[in-house]
Amino acid sequence: MPRKIIIDTDPGQDDAVALLLALASPEDIEVLGITCVAGNVPLPLTAKNARIVCELAGRTDVRVFAGCNAPLRRKLVTAEHVHGKTGLDGITLPDPRMPLQDQHAVDVIIETSRAEADVTLVPIGPLANIATALTRAPDIAGRIAEIVIMGGAYFQVGNITPTAEFNIFVDPEAAEIVFRSGVKLTVMPLDVTHKVLTTRPRIEALRALGPVGEVVASWTDFFERFDMEKYGSEGAPLHDPCTIAWLIDPTLFSGRQINVEIETVSDLTLGMTVADWWGVTDRAKNAYFVGSCDADGFYALLTERLARL
């Protein structure tokens, strides 16, 4: 049976690719809804971008909801320097015609988690919506099958500060709530996403797929310029689709069950995921922290699925 999921997102080009991969994989994934949060760009744009992607995939049946427009306690930090002023810079796509749903994303997460058995939440942006839902309705923690997160880092350390990955840094208090929730967690940190680089052969294979592939290639052409300059790499990490690929084929990945704590106090290391990779503490293990990926297998899966759209 397909995994029933809610994707919580702040599109962002790599978020958009994750949405496309999920929507192209109905035998593996049933998308119950898309909940949007402020992150890469402000909430009005993330909610707009999610609907643009649904229309690109021909999936106007998927409901999109707007959620939290700011972190729990902090001023919003955005990433237009990476994703452009729209969040989906790289190609101009038409404004969405499908409606934004009236219901708040947090209410949708709570109601769906109560109504459906074994829902998986897939947050690929800051964690305000998920943390707010868990705080307002603590009973749902026992009903959620798994939370699969794109966020954090250990060996790769940070990409928005020297010690923090963007999604966790934007709302560390929300991340702390999620990581202490007791829900089964799988984490896709920079350590694995930096192993799935957008090399030229991989992107040209996507571009050759047709209209959807051309859009995806234009997105990667735009955002990879930033990472290639920063890291000196041959391509950019394709972060968020790792969560969906994990749900489809977890054999592509490997990691460890470890303890992960979130730094919420220090100015120097705010938002750091303090990952006990080597097991040097006696803190309880609370997350499966993914460390490696079969990158060729990942791109083969992505290319095969996007070819369906």
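Which residue forms a salt bridge with arginine 180? In this predicted model, where local features need pLDDT of at least 70, side-chain atom pairs count only at pLDDT 80 or more, and totals for chains, interfaces and linings use all residues, the partner is glutamate 176, with the closest N and O atoms 3.5 Å apart. Residues are numbered from 1 along each chain as its sequence is written, and side-chain values use heavy atoms, with hydrogens and water left out. A salt bridge here is a side-chain nitrogen of Lys or Arg within 4 Å of a carboxyl oxygen of Asp or Glu, and the structure holds 20 of them.

Another salt bridge joins arginine 308 to glutamate 27, at 2.7 Å between the closest N and O atoms. This pair links distant parts of the chain, 281 residues apart: arginine 308 sits in the segment after helix H12 (295-306), and glutamate 27 in the loop between helix H1 (13-23) and strand S2 (29-36). Helices (H or I, at least four residues) and strands (E, at least two) are DSSP runs numbered from the N terminus. Relative accessible area is called buried under 20%, exposed over 50% and partly exposed in between (1.4 Å probe, protein chains only); arginine 308 is partly exposed at 39%, as is glutamate 27 at 40%, whereas arginine 180 is exposed at 57%.

Turning to strand S4 (residues 119-123), five of its five residues are buried. Val119, Leu121 and Pro123 point one way, and Thr120 and Val122 the other. Strand S1 (residues 3-9) pairs with S4 in the parallel sense over four bridges, where pairing requires at least two DSSP bridges between the strands.
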